[in-house]
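Subject: Structure handover

Hello,

Please find the structure below, followed by notes on what was found in it.

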Amino acid sequence: MSEDRELRKGSAETVILALLEERDRHGYEIAKLIDQRSDGALKFHVASLYPTLYRLERRGLIQGRWVERSNTRRRRFYRLTAQGQKTLEAQRRSWKAFFAALNRVARISHA
Amino acid sequence: MREADDVDDVDFRALVRARLEPLDVDAARAADIVDELAQHCAQQYADLVASGVDQRDALTRALAPLENRRRVVDEIARADRPRRSAPPPPASSTHLVVDLWRDVRYGLRLLHRSPGFTAVAVMTLALGIGANAAIFSVVNAVLLRPLPFADPARLVDVGEPGPDGRAGNVGFTTVVDWRERTHAFDEIAMIRSWYPTLIANGQPERIPAMRVSANFLRTLGVAPALGRDFAAADDTPAGWRVLILSDGLWRRRFNADPAVIGRVVTMNDQPYTVGGVMPPSFAPIISEHFYEPAQMWALLGYDRSQPFACRSCQHLKAIARLEPDTAIGAALVDVNGVHAALRREHPAEYGAATAIAVTPLADELAGNVRAPLFALMGAVAIVLLIAAANVASLLLARVADRERDLALRTALGASRGRIVRQLLVESSLVAWLGGLAGIALAAAVVPLVADLSPVPIARLATARVDVAVVIFALAVSFGTTVVFGLAPALRASRVDLQTTLRAEARHSAANPTSVARRLLIAANVALAVVLLAGAGLMIKSVGRLLGVDPGFDPDHVLTMQISMVGKAYAKNEAVVAKGDEMLAALRRLPGVESVALAGQIPLAGNVDRWGLHVEGRPVTPDDPFVERYSVTPTYFAVMRIPLRRGRLITDADRASTEPVMVIGDRTARTVWPNGDPIGQHVRIGGSDGPMYTIVGIVGDVRHVALAAPPTLQMYTAQAQLTDSFLTVVMRSASDFGLLAPAARQAIWSAASDVPVYRVDAMRTLVARSVGARRFVAILLELFGAVALVMTAVGVYGVISYSVAERTREIGIRSALGASRADIVRLVLANGLALVFAGLATGIVLAVATTRFLDNSLYGVSATDPATLAAVASVLFTVAAAAHLVPIARAMRVDPAIALRQD
């Protein structure tokens, strides 16, 4: 259980950055997409998602801004910064290397 | 589409907020976080309900992750504010310093975040405090700082009172008797002005100097740095030619040579022995009665036998040091007792009985500038009040803007005291920044003030921003903060969470914040009226004064003073002949229309009054004293003084012919109220002089000042009553910058040993005579302009804010069909009511206060209705103009958007 948590936490940042690579999104959308695309295997709730977002923002990897659209309340949208893009690529490389190594040792095939 | 965070009337924000407190991030950030999380929960709830989950279950599930409050709060705070090295102390901490430091940092951050507010507030205060610091540094230097002498409180002037009630001049023998018979004075010294001519490098230089009694320096409590003080034994008609030099003269003309002591210097063909040199710290302010600071001192050298040492020969100034612990009142009783006895013993030598005045020397030096300076202090105090009212109004607006934020902070556990402190810290920061900027402003401006002053004011040049001024400015800043920061702070501390978050409450007109701001602005307008009324009255006075006919035509007249003294000029004939030679040389200069010599001229600070005794009437000490001008015949043409009757002085009036005199209108009317003065004979000065025949009457001139009515005046011929100290007056359309050096050369071509000094256009002398008033007028004008700008900004701020507040109301009105004109009327009615209230109050205040200016006004009443009306209309125009932008903004209000605003 605890390995599970560590793994999730480590991957959380990568997942969020990857989702923001596609386009700007607000918090609820991010949570919902993670839920949908992982078929419920990865789950963020309000108390875990936002601290992660704030941490990423603080480190300059993403940037949030309030956007007002007609007929809705303002929402906070997050955008991937250039630095975030670089970090995402680096994380992808190290995850790839990690999975390759894991696969070679434990013979787990990954998609 | 529905509001995402307000589903089925569930207030997610309140729910989330309740679960997140106390969140240790700043209030604005906390509000953002609550907003964001509330939206998330609301949407999740909506999605759950849409997928068929029961509403109650959906709410529980949406909020479930937040139920472990402590952890959530910690995590958010840590993620958001990771740079904190130590965990923050709880809000209820008693660590005052830590809290204060945090408040200061928070305050600075807030100020930094609203640069517009900060700039306007700091600049406003800087102007207010700067003006106060500048004027205070002048007041401090001129009036408050003790004189740079030993025990200066004991130094007084003694003498018959002049027209202003202060001690005037005295005669030598009178003072000698005072010295012998009074007990209240430790020392009584005598001084008079003296202008010897020092010739060096072939150029004669006239040195402003003083003749003083031997105890002069001892009376002041100062001593020479080099050599020795004057000795009483030298203070005789034979031995007085001992010099003490100022440090400046010693350096400039004697190369700071210490061997100068004992050296013999020749001036006016007489040998003088240098006895000492004063230290550089000795500011010869005593001589400022005499127009220029003295650069050297010699002994008086009088004794009772000399004709000019008589009791009524009042050309000396007496400066005394009171005995220790003697009050001025006691000295007054003492000297007046003695003087009454002298008057009984020598009835023929004293005029109408007047009490002898004893005036503190410091007052005497401050002279006529005391009242104007206090008027200026009043003016800058008003500027400061206006500035403070403006800043208070800005602070109130900020409090109103931040009510949500403050309410949230209160809700999140901040105590009322803490909120007050936070706001006070913030307004203190503004005040201190404004105070520092104001001090910098004053430091930059004070040296200019001294230059701006057209009249020599004792010690004005020593005005500077010193410790006293800095303390004054900081104290003023602090006072401003307490008075004007406290009200907004207390107001803010009463912010009520419920009403505030229901935003509607803010639109109520009875909102106390708005009421306070509106009162402040009305007060601001009222104060501006007072200040502008003062400025307007002074400007009008100066205008009236400059419009006064001085009795002569001051345009295109150049004046320069010369003195013909020394062996070569011992005989009157020599002086007259040399004068004629100079006039001839000057007349040959291109562009010179006419030129003349005069013993004195109007408005140049000269005083030369002689007793006038009419033939056939008994001579009494109360015979009139008449201003005497010894002139060459062309003087009247140069000055364009009109002849009323009879004839002017002509070239035919020589030393060998019958002495003649021309008198002024007023002399004719005063001395001969019923008869014809022409052909009458008079003596002047004493009872043994020659008899003069009156041959003509001319127009009066304003001699003392434009504001003073003409004095009694008479003109004698330079050829018949010869003066050695003369003023050259020349009428020319040429540029004086070119004419003056040419004229100097022309004079030296005729007489190389004659010093030429005080070269001024007659116009300059006229302007200088209204100088003090103009100085005050310029400064009041400046402060008035500042007040006007501040008022405009203040009115603009309040009206803009109230338009913003009433956007919704305006929206409703225009939705209901109100026309643009209706909207304009709405905004104007709202603001102009304030302006009118302010104007009315201000006019009442102005009528009550401008009479303090009475003494400085000329030809205009302190309650001049025209001035008040002009001031009111200027202020009204400015205040109305300040409505334009808010009106434009109100017209752009879109009802659809306005109605949705919360």
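Two strands count as paired if DSSP finds at least two bridges between them. Helices (H or I, at least four residues) and strands (E, at least two) are DSSP runs, numbered from the N terminus. Residues are numbered from 1 along each chain as its sequence is written, while chains are lettered from A and ligands numbered from 1 in the order in which they are written. This is a predicted model, in which local features need pLDDT of at least 70 and side-chain atom pairs count only at pLDDT 80 or more, whereas totals for chains, interfaces and linings use all residues.

Chain A

In chain A, three strands form an open, antiparallel sheet in the order S1-S3-S2. Its edge strands are S1 (25-26) and S2 (62-67), each of which pairs on one side only. S1(A) is joined to strand S3 (residues 75-80) of chain A by two bridges, and the two run antiparallel. Within S3(A), Phe77(A) stands opposite His26(A).

Overall, chain A has four helices and three strands, following the pattern α-β-α-α-β-β-α along the sequence. Among contacts in chain A (C-beta atoms, placed from the backbone, within 7 Å) between residues at least 6 apart in sequence, 44% join residues at least 24 apart.

Chain B

Strand S13 (residues 557-563) of chain B has six of its seven residues buried, so it is largely enclosed by the rest of the structure. S13(B) pairs with strand S22 (residues 725-732) of chain B through seven bridges, running antiparallel; there, Arg731(B) in S22(B) is the bridge partner of Val557(B). S13(B) also pairs in the antiparallel sense with strand S23 (residues 756-761) of chain B, over four bridges, and Tyr757(B) in S23(B) stands opposite Gln561(B).

Confidence

The predictor gives the complex an ipTM of 0.85 and a pTM of 0.64. The mean pLDDT (the predictor's confidence in each residue, from 0 to 100) of chain B is 83, and 89% of the residues score at least 70. In chain B, confidence is highest in helix H19 (residues 635-639), at a mean of 97, and lowest in helix H16 (residues 497-501), at 51. Residues 1-5 of chain B stay under 50, and the model has 15 contacts for them beyond four places in sequence. Residues 503-509 of chain B also stay under 50, with ten such contacts. Where pLDDT is low, the predicted coordinates should not be read in detail.

Regards

Notes: Contact = placed C-beta atoms within 7 Å. Buried ≥ 20, exposed ≤ 12 C-beta atoms within 10 Å, placed from the backbone.
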